[in-house]
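Subject: Handover of a structure and notes on what was found

Dear colleague,

Please find below the structure that I am passing on to you. I would be grateful if you kept it open while reading the notes after it.

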Amino acid sequence: MKNFSWRLTILGIVLTAAIVYLIPTFVPDMWPRKQINLGLDLQGGMHLVLEVDTEKAVVGTLERVTQEIRDSLKSERLRHGKLELQGQAVLLSIPSDQDAGVNSLLDREFPDLRLASRTQDGDVVTLKLDLPDKETEHIKTLAVAQAIETIRNRIDQFGVSEPDIRNQGEKQILIQLPGIKDTQRAKHLIGRTAQLEFKLLDEINSPQDYVDKTPPPGTELLWEVKMDPNTRREVKTPFLVKKGALLTGAYLTDAKVQIDSQYNEPYVSINFDRKGARIFEKITAENVKKRLAIVLDQNVHSAPVIQEKISGGEARITGNFTPEEARDLAIVLRAGALPAPVKVMEERTVGPSLGADSIRQGLFSMIVGSILVVVFMVVYYNMSGVIADVALVLNIILIAAGLAAFQATLTMPGIAGIILTIGMAVDANVLVFERIREELRIGKTQHSAVSAGYERATLTIMDANVTTLIAALVLFQFGTGPVKGFAVTLCLGVIASLFTALFVTRIIFDYLLVHRRVKRISI
């Protein structure tokens, strides 16, 4: 009696928890819980395959190294001639009398650089420096990993539930965003490099003179693109800026949208860390009355005149933003810049209507399968079949509750996993019922036959389900996409079927035989 009450209490707790987790799926505002997440194939959304330009990541590293070499040569007061990046190599020309000092500097400060070649023409020595193959591969691998992490941060802040972001091949990234409606905005948010730089303007030369020809050495021509509010046309303004970035977005700690009290327009307020604040203060102190361009992805957003030294590590980015554009810019700045540009290799959008059709067909197949199983059990096992059917319904409820509790994503293969679980759950009951029949044939009482049936079938059922669970866990760990969706529901289904087949049906039999004192089981 005491054992029965304890088992009934456990069943009550499990059922209550299942209902609590399931209610939000059917009545969204009733509990502060999330609904069951539907995958891309069920609720529609966007499928993207991006390719990271890993070669640009290597070039970007060499550009930073080139600037560091220039700064080191200046600080050591070593004379040099040409210092430039050519492909994936740094070319450095030095007078022959500076050779020993420069080589000592390179060995000390840049041990990772490889000396590809050394040529001498009279008194001029030209060194060709590059990165070893192993270091190049490391930079490429790291670029893909950083891109995945940055994209994941951006999507998390964008508010997409259960995104699927993972590596595909050497330099491709697979992204699935279920339920996304504004696909263009999402694609723009994901694909922006978001490289923020602060550069001084070349105020000696006129940018108009270099629109159709090569800018002076050490400068580049960039454009500011604004939308004219009256004509709604793009207005492009050229700026001649110095190539070296005085400060980058690497020092950002925060970026948020604020409203300009004077013009009532949104802008993005940015904050630097302690080191970035010191650099920014130094830049503004040394360049009072000069113009500083705020450049994002090679586009000038503004180029204000520095009126005085700015301390505190705060700045603002303006540019006639809409509230949505300002919010997206703040998201990408907070999430950080991509280490290299990305290119869309594959794009596919699944419409909500197609997802609804998938749900309808999946549910229809599940209902048809369940009805056939229910009818078979009632016909073959009579009243005991009804008990198995009650356990089957509870099994489906527990699987759905598990999906909601763990915030797992239900996909079309996941529905297939549920249908498979329906058959597996009944299979466990079939084993128990056949054992009970055997015990009844040899003359045992009803209660003894049920007890012996469960005791002798339990080990077999456990063996079969545990091996299936191990296979499902392996699929979940190493599978991707549809395979993983199938594994999720299969894992939940195996656990639920063990609970219902060995625990729930036993409670019902004990209730009928002990409490209701049923003389004969219909089996």
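Predicted model: local features only at pLDDT ≥ 70, side-chain atom pairs only at ≥ 80, totals over all residues.

Residues are numbered from 1 along each chain as its sequence is written, and side-chain values use heavy atoms, with hydrogens and water left out.

The sheet

Helices (H or I, at least four residues) and strands (E, at least two) are DSSP runs, numbered from the N terminus. Two strands are said to pair if DSSP finds at least two bridges between them.

Five bridges join E7 to strand E8 (residues 172–178) in the antiparallel sense. Gln-168 is found opposite Gln-172 in E8. Contact means heavy atoms within 4.5 Å.

The nonpolar cores

A nonpolar core is a set of buried Ala, Val, Leu, Ile, Met, Phe, Trp, Tyr and Cys residues joined through side-chain atoms within 4.5 Å. Buried means under 20% relative accessible area, exposed means over 50%, and partly exposed lies in between (1.4 Å probe, protein chains only). The largest nonpolar core has 69 residues, and those with the most contacts inside it are Ile-69, Ile-175, Ile-270 and Leu-333. Helix H5 gives the most to this core, with eight residues. Apart from it lies another core, of 50 residues, including Ala-388 and Tyr-454.

Which residues does Ile-175 touch, not counting those up to four places away in sequence? Among them are Met-46, Leu-48, Ile-151, Ile-155 and Ile-165.

The salt bridges

Side chains of opposite charge can pair when their charged atoms come close. A salt bridge is a side-chain nitrogen of Lys or Arg within 4 Å of a carboxyl oxygen of Asp or Glu. The structure holds 27 salt bridges.

One of them joins the side chains of Lys-56 and Asp-53 at 3.9 Å, N to O. Lys-56 is partly exposed, with a relative accessible area of 45%, and Asp-53 is also partly exposed, at 29%.

Glu-347 forms a salt bridge with Lys-187, and their closest N and O atoms are 2.9 Å apart. This pair links distant parts of the chain, as Glu-347 is in strand E18 and Lys-187 is in helix H6 (residues 183–191), 160 residues apart. Glu-347 counts as partly exposed at 36% relative accessibility, and Lys-187 is partly exposed at 23%.

Arg-316 and Asp-260 meet through their side chains in a salt bridge of 3.2 Å, N to O. Here too the pair links distant parts of the chain: Arg-316 lies in strand E17 (residues 314–317) and Asp-260 in the loop between strand E13 (252–259) and strand E14 (266–272), 56 residues apart.

Single residues

Arg-77 has a positive phi of about 60° although it is not a glycine. Arg-77 lies in the loop between helix H3 (54–75) and strand E3 (83–86), and counts as exposed at 76% relative accessibility. Asp-297, which is not a glycine either, has a positive phi of about 55°. Asp-297 is placed in the loop between strand E15 (292–296) and strand E16 (299–302), and is partly exposed at 23%.

Yours sincerely,
A colleague
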